[in-house]
Amino acid sequence: MALDEYINERLTQLLERNEVSDFREGFLHLHAYEQSEYFDSLSTEEQKKVFELLSPDEVANFWSYLELSQKEEKSMFDEMNANYASEVLQNMSDDDAVDVLNLLSKTQRVSLLTIMDKHKSESLKSLLNYEEDTAGGIMTTEYVSLTPEMSVREALMHVKEKSSSAQTIYALYVVNDQKKLIAVMSLRDLINADMDDHVKNVMNKNFVSTDVAEDQEIVAQTIQDYDIIAIPVVDYQHHLLGIITVDDILDVMEEEASEDYSKLAGINDVKETKESVLQTAKKRLPWLILLTFLGMITATILGSFEDTLEQVALLAAFIPIISGMSGNTGTQSLAVSVRSISTGDMEKENKVRHALHESASGFISGLVCSLILFSIIVILYGQPLLATIVGISLTTAMTVGTTIGSLIPLFMNKIGIDPAVASGPFITTINDIVSMLIYFSLATSFMSYLT
């Protein structure tokens, strides 16, 4: 939801007139998301001025809502005073602070970590050791842990004491003396328990956790499957290392969806809008160059059937239909396969059955489209043999197209390559080659009858 235009203009006027008190009052009255929307709308110079008028903890409050590229985020921290930057990080949640630190140079990281509070610094250092796209890379250490020997009364007091520094208090984690996770309980369970009872008598030993090295996409799927607001992260000995909350998982799901969409489109990053024309072209060229070479194969095939085209020029009229429909069905099948793999449904389904299902669907779709096209060609051109050749070619091309669209993602996933790399343009070009071979081979075989 966009920030109200009147409020935006009013704040900008106050900023330009340097009316600090009124600007702060108006800005801080907004929700953190609205603050980020306003900040995003400002020029670089205006953003610098906002930094001067706000304290580090006020900046940290809206920072995680900003939609900045990595380059922009790094640039802002590069220009901040080191003490100011360290305090901003100090007041961020651990996972957001680590994301920023990963963008900075090693010298900057060491400098900022040295300046900030020792406890926060140690916490961030431990998180920096994990790979960015793993559970460890997106977890936070800001959670509330309990011990089984605590009384319910003591546990509630402990939650109250830690609530201001925890990312969530609705899920509580019970650990033993070795810091191993033994149970999870909700705040509701704790509130409803008898005050004089003990945590060990009301805790829930049936819980879900994730390994610290698990891929973030699998973690997201687990949270979605079990419908939980947070998931504990443990090491191989089941020590509790941190938690991942549902708000972080929403960011992961958006990131993964954008990444898959970008790959399906044959580009690097569909979200990047603030790069130069040359940068955009540079990112897209590798795929386009590859597709150009693949397109040359199609051109070579058409050239080799030049005699066929010369004798029956009408064949050329149906090239776009056959190649286009083959590419369309292949892309549809590709999308279904990639989604099934990414959601984990493919693991539960027989892969051969999936491929056969897609092929059968392509065959039926091709048959229906072919019958329609057959009727049109007979009515318009009065050539039933040509209509038959086009119809058979279309049915075969669409069947093969769906088969290729379903099998290539499965193959790539099998050899450890992201199946989304089997992009729409790539599948379309492959299907162009196959469909043209089918069409012209069939036409050449019946050339004597056509002429």
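Trainee: Does Tyr-439 count as buried or exposed, and at what relative accessibility?

Mentor: Buried means under 20% relative accessible area, exposed over 50%, and partly exposed in between (1.4 Å probe, protein chains only). At 0% relative accessibility, Tyr-439 counts as buried. Please note that this is a predicted model, in which local features need pLDDT of at least 70 and side-chain atom pairs count only at pLDDT 80 or more, whereas totals for chains, interfaces and linings use all residues. Residues are numbered from 1 along each chain as its sequence is written, and side-chain values use heavy atoms, with hydrogens and water left out.

Trainee: How is a pair of aromatic rings described?

Mentor: Such a pair is described by the distance of the centres and the angle of the planes. Rings of Phe, Tyr and Trp (its six-membered ring) pair if their centres lie within 6.5 Å; planes under 30 degrees apart count as stacked, over 60 as edge-to-face and the rest as tilted. A search of the whole structure gives 14 aromatic pairs. In one of them, the ring centres of Tyr-143 and Tyr-173 are 6.2 Å apart and the planes stand at 90°, so this pair is edge-to-face.

Trainee: Where in the chain do Tyr-143 and Tyr-173 lie?

Mentor: Helices (H or I, at least four residues) and strands (E, at least two) are DSSP runs, numbered from the N terminus. Tyr-143 belongs to the loop between helix 11 (135–138) and strand 1 (145–146), and Tyr-173 to strand 2 (residues 171–175); the pair links distant parts of the chain, 30 residues apart. Tyr-143 is partly exposed, at a relative accessible area of 22%, while Tyr-173 is buried at 1%.

Trainee: At what angle do the axes of helix 5 and helix 7 cross?

Mentor: Axes are lines fitted to C-alpha atoms, for helices over the stretch in contact, and angles run from 0 to 180 degrees between N-to-C directions. Angles under 35 degrees count as roughly parallel, over 145 as roughly antiparallel, 65 to 115 as roughly perpendicular and the rest as oblique. The axes of helix 5 (residues 56–63) and helix 7 (residues 82–91) come within 8 Å and cross at roughly 50°; the two helices are therefore oblique to each other.

Trainee: Which residues of helix 5 and helix 7 meet?

Mentor: Contact means heavy atoms within 4.5 Å. From helix 5, Pro-56, Asp-57, Val-59 and Ala-60 meet Tyr-84, Glu-87, Val-88 and Asn-91 of helix 7.

Trainee: What is the packing angle of helix 21 and helix 22?

Mentor: Helix 21 (residues 351–381) and helix 22 (residues 384–414) pack at about 155°, with axes 7 Å apart. That makes helix 21 roughly antiparallel to helix 22.

Trainee: How many residues of helix 8 are buried?

Mentor: Six of the eight residues of helix 8 (residues 94–101) are buried, so this helix is largely enclosed by the rest of the structure. The buried residues are Asp-94, Asp-95, Ala-97, Val-98, Val-100 and Leu-101.

Trainee: What is the phi of Asn-18?

Mentor: Asn-18 has a positive phi of about 60°, although this residue is not a glycine. Asn-18 lies in the loop between helix 1 (5–16) and helix 2 (20–28) and is partly exposed at 44% relative accessibility.
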